[in-house]
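Hi,

Here is the structure I promised to pass on.

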Amino acid sequence: MRQPNPLLLARSLIPTATTLAAAITAFPAWSAEQSCSVTVDRDVPARMRDGTALLADVYRPTEPGTYPVLLMRLPYNKSDAQAFVYARPEIFASHCYIVAIQDVRGQYKSEGTFYPFRNEGADGYDSVEWAAALPGSSGKVGMYGFSYVGATQWLAAAERPPHLVAIAPAQTGSDYFNGWTYEGGALSQAFVQSWPLSSVALSASRRLGNQQALNEIQVAAGRLVSVYAQSPLSRLLPASKYEAQIAPYYGDWIAHNTWDAYWKPWSIRARYHQVAVPALNLAGWYDVFLRGGVENYAGMRKQGGSDTARSGQRLIIGPWSHMPWLQKVGELDFGAEATNPIDALLLRWFDYWLKGEANGLDADKPVRIFVMGANRWREADSWPPAEAETVAFYLHSRGQANTRFGNGSLTTGKPEGEQTADQYRYDPADPVPSAGGHSCCSPDSAPIGPMDQASVEDRADVLYYATPPLEQDMEVTGPVSVELHASSSAVDTDFTAKLVDVHPDGKAYNLANGIIRASMRDSLERRTPLEPGKVTRYTIDLGPTSAVFQRGHRIALEISSSNFPHYDRNLNNGKLDGAGTPVVAEQRVLHDAANPSRLLLSVMPKPINAAP
């Protein structure tokens with residue numbers, strides 16, 4: 001969610017008409033011909049129902065006629081327009097669209113006070129209808145943008161503005177409690193603390209005219225490691241007297257640590273039936289909001305509020321992190337086919353829905369996913385692909401020390417005579433450090449993407465299970481989960497899981513990860529303490545993935561109790577806000593006939609061939 005200055009990120013990432021024409025060859029071709037010249041009107045006001053004025057820059061064709069409108073509503077400065085990911089607005093306008101880029105309430109030039117999600121439904125409705133009435137508008141409006149700008153689309157669409165025809169939300173969530181602020185009951189700490197400090201609270205503080213408040217945020221943003229180490233979690237800036245002014249929502253996020261009445265009105269997954277428009281859903285395998293993008297697609301296919309919405313959903317998942325969308329992510333380069341295709345996709349999408357062009361969009365398969373390892377795109381009629389089969393890999397112990405390839409094994413055979421359990425001590429004062437994954441939103445906030453896990457796997461508080469080297473390629477495409485039978489000496493604790501691809505040279509790259517807070521094992525709406533020492537069954541959702549484990553590689557699973565600062569440290573003391581004295585927990589993982597802990601993978605019957 002953190003949005004850097006695109007000039008600092010790299011001007012070379014900003015697409016032009018030439019680079020648009022050379023968009024990814026795996027996707028249908030489109031014409032990059034520019035047929036309209038463009039002018040721009042700055043700071044055009046849109047009056048909301050409560051009188052608040054939101055300002056937009058409006059890019060419009062100069063030729064006479066009527067044109068559909070593309071609307072982006074963002075808290076990250078309308079002058080930037082997320083141009084480090086998308087083409088500049090004038091490029092889209094040159095394809096004969098009116099493009100309106102609007103600062104949301106309380107950010108940059110727009111009036112009011114910013115509070116995440118609270119006003120985006122009503123303001124989104126009013127802004128769509130304002131856009132439809134702009135001079136030269138055809139009355140058809142589409143919305144685009146990623147991250148929080150995906151939230152502004154979904155929340156607007158759920159209000160059903162009459163002139164909204166289609167949306168294109170990218171890298172965004174389906175619920176702002178689970179999968180955004182929390183995951184499996186644990187706080188998504190690196191994201192939740194770095195986003196305000198590096199972005200929305202920073203820009204809001206500038207509007208206050210208070211240099212001291214701005215200084216405090218800038219200092220904190222420059223020492224995120226120290227911020228993550230703070231306890232309790234209830235204050236973002238414990239020494240500041242301005243937090244209530246610059247980030248009043250942060251304390252609310254910590255106070256509302258279950259899926260309660262604070263979060264439910266904004267939940268997209270609870271409102272699919274209210275959304276009546278088609279959506280182009282874009283996601284990334286290493287994006288913090290991966291689960292949300294996939295869930296929005298699947299949920300809308302089943303529950304969308306119109307036939308058009310249900311049949312008009314599309315899902316595209318690349319190997320990308322949150323931003324930018326490049327072929328190199330973390331420590332791996334996924335090749336030329338991983339090039340960012342979004343601008344070509346957007347124009348084709350909106351040409352079909354807003355202009356009525358017969359460009360073949362309706363004949364495309366609804367799902368297109370990048371298969372890592374093979375580094376190729378796969379098309380499917382559904383998500384997950386109907387042919388994928390759930391295969392269980394059971395945990396077994398060799399009764400050896402916790403060394404790589406020595407702690408335990410993964411096989412498709414169920415445990416029978418085993419009676420041993422694996423154990424480790426989880427000390428919140430010495431958590432397992434995050435090493436890649438789907439955190440957000442830049443490497444200085446938390447490591448992101450695929451990274452070698454060797455240093456993590458050598459820790460004594462990480463259990464490691466692996467298959468023998470595979471005798472043939474195996475493609476895993478679909479959801480990944482772990483069913484874990486475990487006990488703890490604590491009244492509350494966490495269990496984490498990580499799916500890893502181990503290469504023949506020993507390099508081990510993470511594909512998916514997840515966490516469950518033990519007190520939320522039964523429900524996101526309530527917390528239930530553990531009975532210390534009692535064996536409990538947990539389900540850990542690692543999210544979806546798509547990857548080929550090549551012949552000679554191993555499938556590996558890491559089990560532990562921390563992944564910091566991706567997630568906050570559970571202090572094992574039952575406190576809900578990271579307060580109090582930390583308690584060391586003795587953890588036991590069972591995998592006998594009565595407690596068959598297992599990894600569940602979605603295996604394709606025939607793996608896709610590697611890219612040439």
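Below is what I found, grouped by topic.

Before anything else, please keep in mind that this is a predicted model.

Disulfides first. The structure has two of them, and with the bonded cysteines counted along the chain they follow the pattern 1-2, 3-4. In one, C36 and C96 are bonded, with 2.1 Å between their sulfur atoms. That bond ties together distant parts of the chain, 60 residues apart: C36 sits in the loop between α2 (17–21) and β1 (38–47), and C96 in the loop between α3 (89–93) and β4 (98–103). The torsion about the S-S bond of C36 and C96 is about 100°, so this disulfide is right-handed. Are these two cysteines buried or exposed? The cut-off for buried is under 20% relative accessible area. C36 has 10% relative accessibility, so it counts as buried, and C96, at 11%, counts as buried too.

The other disulfide joins C440 to C441, with an S to S distance of 1.4 Å. The link of C440 and C441 is right-handed, with 70° about the S-S bond. C440 and C441 are both buried.

Next, helix α6, which runs over residues 189–208. Its 20 residues reach 26 Å from the first C-alpha to the last, close to the 28 Å expected at 1.5 Å a residue. Where is the kink in α6 centred? Look at A201, where α6 has a kink of about 50°. Of the 20 residues of α6, 17 are buried, so the helix is largely enclosed by the rest of the structure. L208 is also in α6, and at 42% relative accessibility it counts as partly exposed. The C-alpha atoms of L208 and I246 are 8.3 Å apart, while the two residues are separated by 38 residues along the chain. Just after α6 comes G209, with a positive phi of about 70°.

Then there is the largest pocket, with a volume of about 540 Å³. Which residues lie nearest its centre? They are N178, R269, R291, E295 and D541, out of a lining of 31 residues. The lining of the largest pocket divides into 12 nonpolar, 11 polar and eight charged residues. At least two lining residues come from each of α11 (290–303), β21 (508–517) and β22 (536–549).

Last, some backbone details. Most residues other than glycine have a negative phi, and most peptide bonds are trans. Against that background, here are a few places to check by eye.

- M323 and P324 are joined by a cis peptide bond, with omega about -15°; P324 is in the loop between β10 (314–318) and β11 (328–329).
- F564 and P565 are also joined by a cis peptide bond, with omega about 15°; P565 is in the loop between β23 (554–560) and β24 (585–590).
- Y108, a residue other than glycine, has a positive phi near 55°. Y108 is in the loop between β4 and α4 (120–132) and is partly exposed, with a relative accessible area of 33%.
- R160 is not a glycine either, yet its phi is positive, about 55°. R160 is in the loop between α5 (148–157) and β6 (164–170), and its relative accessible area of 41% makes it partly exposed.

Cheers

Terms used. Residues are numbered from 1 along each chain as its sequence is written. This is a predicted model: local features need pLDDT of at least 70, side-chain atom pairs count only at pLDDT 80 or more; totals for chains, interfaces and linings use all residues. Side-chain values use heavy atoms; hydrogens and water are left out. A disulfide is a pair of cysteine sulfur atoms within 2.5 Å. Helices (H or I, at least four residues) and strands (E, at least two) are DSSP runs, numbered from the N terminus. Buried means under 20% relative accessible area, exposed over 50%, partly exposed in between (1.4 Å probe, protein chains only). The expected span of a helix is 1.5 Å times one less than its number of residues. The bend at a residue is the angle between axes fitted to the seven residues ending there and the seven starting there. On a 1 Å grid over the protein atoms alone, a cavity is a set of points where a 1.4 Å probe fits but cannot get out, and a pocket is an open set with protein on both sides within 12 Å along at least five of seven lines; lining residues have an atom within 4 Å of a point. Grid points are joined across faces, edges and corners, and a volume is the space filled by probe spheres set on the points. Ala, Val, Leu, Ile, Met, Phe, Trp, Tyr, Cys and Pro count as nonpolar, Asp, Glu, Lys and Arg as charged, and the others, Gly among them, as polar.
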